[in-house]
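Student: Please walk me through this model, beginning with the terms.

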Amino acid sequence: MSAQATLADAPNQLDVSPGNPCPFLRALVAGGWLNDEVEPLGKVRDTIVRASGRPLPGAVIVAIAVIANGLTPAPMLRNARKGLRLSALRGGPLDKRSSGSRLIDANGQFQAPELDRLASFASPKPLPLGGHELGLNLPQITAMMDANFARARSTRRRVDRAMMNAEWPVLLKFMGKDAADGTRYLCVEEVQVLVRDRRLPGRVVERLGGERAGG
Ligand code: HEM
């Protein structure tokens, strides 16, 4: 299914809090698979594993979700007992502030010039049935992450660069496509639809068990 078909076929989406800066989690909220307020860690884990379509270490996802709203004992205990608060990720330990792609600003708004910047790291990838589309393979994703880290020189934390490895390269695993030459790549158009429209590609939606929002 193409990105256009996903957009045209999908029902209305749910609102997503600006306090949720993760493009992947924003799409899961918009599609109705996760709640923006609070969601038990087991459900967060199972939903992400289902979306990935592969065996994932669920314990790692739970560990990330435990610390995502704060590193002191109180928020960690609260998350472990009650769940992850997706609308309160901003300002938390995983928020890189401006060290990331800057595709979604602090008000939850999509920043089109940053998508153009991301696309500048991409190149045409040959499609299995002929033709090409713009995509980023792992070395190109790495170059973009290095550049994102470099431009945030005055505000970045050292841990920000390591955290990026759990974002874009994981997205490549979850929704990457295989080019005719076997290269795995992130399709730029699909990244745009994910970040701007909060919609996942049809093949990921199918793994999640179909569209939820509005129905
Ligand atoms: C419990 C699970 C997760 C939590 C708590 C979480 C949290 C976050 C947060 C707080 C950010 C903002 C970082 C920033 O300030 O730049 C972020 C960004 C991001 N996350 Fe997630 N995330 C989770 C799972 C995932 C998964 C499974 C994927 C991929 C499939 C993913 C992909 C990304 C990407 C691509 C970004 C954008 C980074 C950038 O703009 O440079 N996340 N996530």
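Tutor: Helices (H or I, at least four residues) and strands (E, at least two) are DSSP runs, numbered from the N terminus. The model is predicted, so local features need pLDDT of at least 70 and side-chain atom pairs count only at pLDDT 80 or more, while totals for chains, interfaces and linings use all residues. Residues are numbered from 1 along each chain as its sequence is written, and side-chain values use heavy atoms, without hydrogens or water.

Student: Which loop holds Arg97?

Tutor: Arg97 lies in the loop that runs between helix H5 (73–82) and H6. Its phi is near 55°, a positive value in a residue other than glycine.

Student: And what about phi of Arg198?

Tutor: Arg198 is not a glycine either, yet its phi is positive, at about 60°. This residue sits in the loop between helix H10 (188–197) and helix H11 (202–208).

Student: At what angle do H6 and H7 cross?

Tutor: Helix H6 (residues 112–119) and helix H7 (residues 138–151) cross at roughly 130°, and their axes (lines fitted to C-alpha atoms over the stretch in contact, with angles from 0 to 180 degrees between N-to-C directions) come within 10 Å. That makes H6 oblique to H7, oblique being whatever is left after under 35 degrees (roughly parallel), over 145 (roughly antiparallel) and 65 to 115 (roughly perpendicular).

Student: Which residues meet there?

Tutor: From H6, Glu114, Arg117 and Leu118 meet Met144, Ala147, Asn148 and Arg151 of H7, with contact meaning heavy atoms within 4.5 Å. By class, that contact has three nonpolar, one polar and three charged residues.

Student: Turning to the ligand, which residues come nearest?

Tutor: Of the 19 residues around the ligand (a heavy atom within 4 Å), Cys22, Lys96, Ser101, Glu167 and Trp168 come nearest. A side-chain N or O atom of Ser101 is 2.5 Å from a ligand oxygen. For Trp168, a polar side-chain atom lies 3.0 Å from an oxygen of the ligand, and for Asp95 the distance from a side-chain N or O atom to a ligand oxygen is 3.1 Å.

Student: Where does pLDDT stay under 50?

Tutor: Over residues 1–9, for which the model has 15 contacts beyond four places in sequence. Where pLDDT is low, the predicted coordinates should not be read in detail. The protein averages a pLDDT (the predictor's confidence in each residue, from 0 to 100) of 93, and 93% of the residues score at least 70.

Definitions and conventions: Ala, Val, Leu, Ile, Met, Phe, Trp, Tyr, Cys and Pro count as nonpolar, Asp, Glu, Lys and Arg as charged, and the others, Gly among them, as polar. A polar contact is a pair of N or O atoms within 3.5 Å; within protein, one must be able to donate a hydrogen and the other to accept it, and residues adjacent in sequence count only if both atoms are side-chain atoms.
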